[in-house]
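Open your viewer and get your selection tool ready. We will go from one stop to the next, with a note on what to find at each.

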Amino acid sequence: MSSAPNHSDPSSDHEPLLDVRGLRVSYQSSRGPVEAVGGVDLRVGRGEFVGVVGESGCGKSTLLFAVAQLLSPPAAITDGSVEFKGQNLVRLTEKQLNALRWRDYSVVMQSAMNALNPVTTIAAQFKDAILAHDRRSAEQIRARSVEVLQLVGIDPVHLGSYPHQLSGGMRQRAMIAMALLFTPDLVIMDEPTSALDVVAQRSLMVQIKELQQLLGFAVVFVTHDMSLVSHFSDRLLVMYAGQVVEAGPTRQVFDAPAHPYSRGLLDAFPSIHGPRVPLTGIPGSPPDLAEPPPGCRFAPRCPVVEEACHRVAPALYPVGGVLSRCLLDAPDRRTPATPVEATS
Ligand code: ADP
Ligand code: MG
């Protein structure tokens with residue numbers, strides 16, 4: 001774990017690996033552009049585990065796809081940069097990106113059923129991924145495939161299986177094994193456990209964490225369930241309506257959330273350790289991103305809303321070691337941020 005960061009930058013003190021700045025993504029729709037990612041900064045150090053949490057529809061998947069350069073129309077990056085190992089991925093060609101995919105970074109999707117090819121065996125899919133980068137002999141390919149399957153606790157006999165012959169948990173594990181074929185520096189995971197039951201979810205989380213510590217890769221892990229990542233991530237980013245509303249070390253965000261939305265999220269899921277309390281959740285739902293509310297985007301649902309919140313778009317303010325996009329955390333609440341779209 002990193003030591004306590006300074007107040008102006010709650011990002012890690014790990015050696016930088018990924019540095020996303022001001023990233024914006026829009027979907028073109030019949031009703032005009034829908035900005036699903038509205039100026040997000042995300043820094044990940046080598047070997048660091050960063051959780052990205054928020055309700056469904058907050059732009060988490062869009063953010064991950066934009067970082068991995070996997071967006072396709074009608075979605076497109078409209079602004080910002082994605083520095084990974086010193087290169088801006090946004091400017092690279094498909095050919096240049098293909099040289100990095102699997103080898104330097106890999107993506108584990110929400111549903112392995114969609115990500116894996118249903119008509120080829122696990123062995124054939126691993127082989128294709130390996131041969132996209134390296135000329136290797138059949139024996140080398142088989143040896144590496146066996147190795148990564150064993151890493152995730154799958155009997156190598158399943159190299160001959162088709163995806164539908166595996167259980168949901170095994171498919172997700174096979175997907176993770178595939179993501180580890182080249183031991184990349186960064187593994188991006190989009191709710192990889194959400195299709196599983198609670199027990200399988202928990203055991204997969206433990207396994208991901210063990211692999212991360214064993215192999216030293218960094219993880220960006222997206223989930224709508226804040227309590228799921230709380231024991232595994234070094235830092236948390238809380239997203240609401242396409243923006244980061246809170247960012248900081250996991251313990252701090254989890255133990256003493258600064259933003260009212262983070263507090264609501266925490267109340268919405270059962271704590272694994274804490275006492276049994278009724279789950280309250282957050283009434284209402286995230287806004288339509290084609291027409292986000294003026295001022296603070298969370299204001300219409302916020303339990304501590306004030307009049308100014310409906311007019312003034314908050315910036316991210318440093319408060320107690322985290323960043324919080326809440327006017328109540330503005331350094332001087334009488335002259336808060338400029339009443340225009342805040343930059344982050
Ligand atoms: P999350 O992963 O947090 O659930 P998504 O990134 O999937 O969120 O979606 C964020 C928002 O992007 C959605 O609420 C929706 O407004 C918009 N969006 C997603 N896909 C499309 C699409 N194909 N066309 C238009 N808007 C989309
Ligand atoms: Mg999603």
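How many salt bridges does a search of the whole structure find? The search finds 15, a salt bridge being a side-chain nitrogen of Lys or Arg within 4 Å of a carboxyl oxygen of Asp or Glu.

A word on conventions before the stops. This is a predicted model, in which local features need pLDDT of at least 70 and side-chain atom pairs count only at pLDDT 80 or more, while totals for chains, interfaces and linings use all residues. Residues are numbered from 1 along each chain as its sequence is written, chains are lettered from A and ligands numbered from 1 in the order in which they are written, and side-chain values use heavy atoms, with hydrogens and water left out.

**The whole chain**

Start by colouring by secondary structure: the protein chain has ten helices and twelve strands. Helices (H or I, at least four residues) and strands (E, at least two) are DSSP runs, numbered from the N terminus. Of the 344 residues, 53% are buried; buried means under 20% relative accessible area, exposed over 50%, and partly exposed in between (1.4 Å probe, protein chains only).

Select glutamate 35 and arginine 24, whose side chains form a salt bridge at 3.0 Å, N to O. Glutamate 35 sits in strand β2 (residues 32–45) and arginine 24 in strand β1 (residues 16–29), eleven residues apart. Glutamate 35 is partly exposed at 21% relative accessible area, whereas arginine 24 is buried at 18%.

**Stop two: two loops**

Next, pick arginine 301 and glutamate 55, another salt bridge at 3.0 Å, N to O. Arginine 301 lies in the loop between α10 (260–268) and β11 (317–319), and glutamate 55 in the loop between β3 (49–53) and α1 (60–67), 246 residues apart. Are these two residues buried or exposed? Both arginine 301 and glutamate 55 are buried.

Now select aspartate 104 and lysine 85, which meet in a salt bridge at 2.7 Å, N to O. Aspartate 104 is in the loop between α2 (94–100) and β6 (105–108), and lysine 85 in the loop between β4 (75–84) and β5 (87–88).

**Last stop: α10**

Finally, show α10, where the buried residues include Pro260, Tyr261 and Leu265. The buried residues of α10 pack against β3, α8 (226–229), β9 (235–240), β10 (243–249) and α9 (250–255).

Methods:
Contact = heavy atoms within 4.5 Å.
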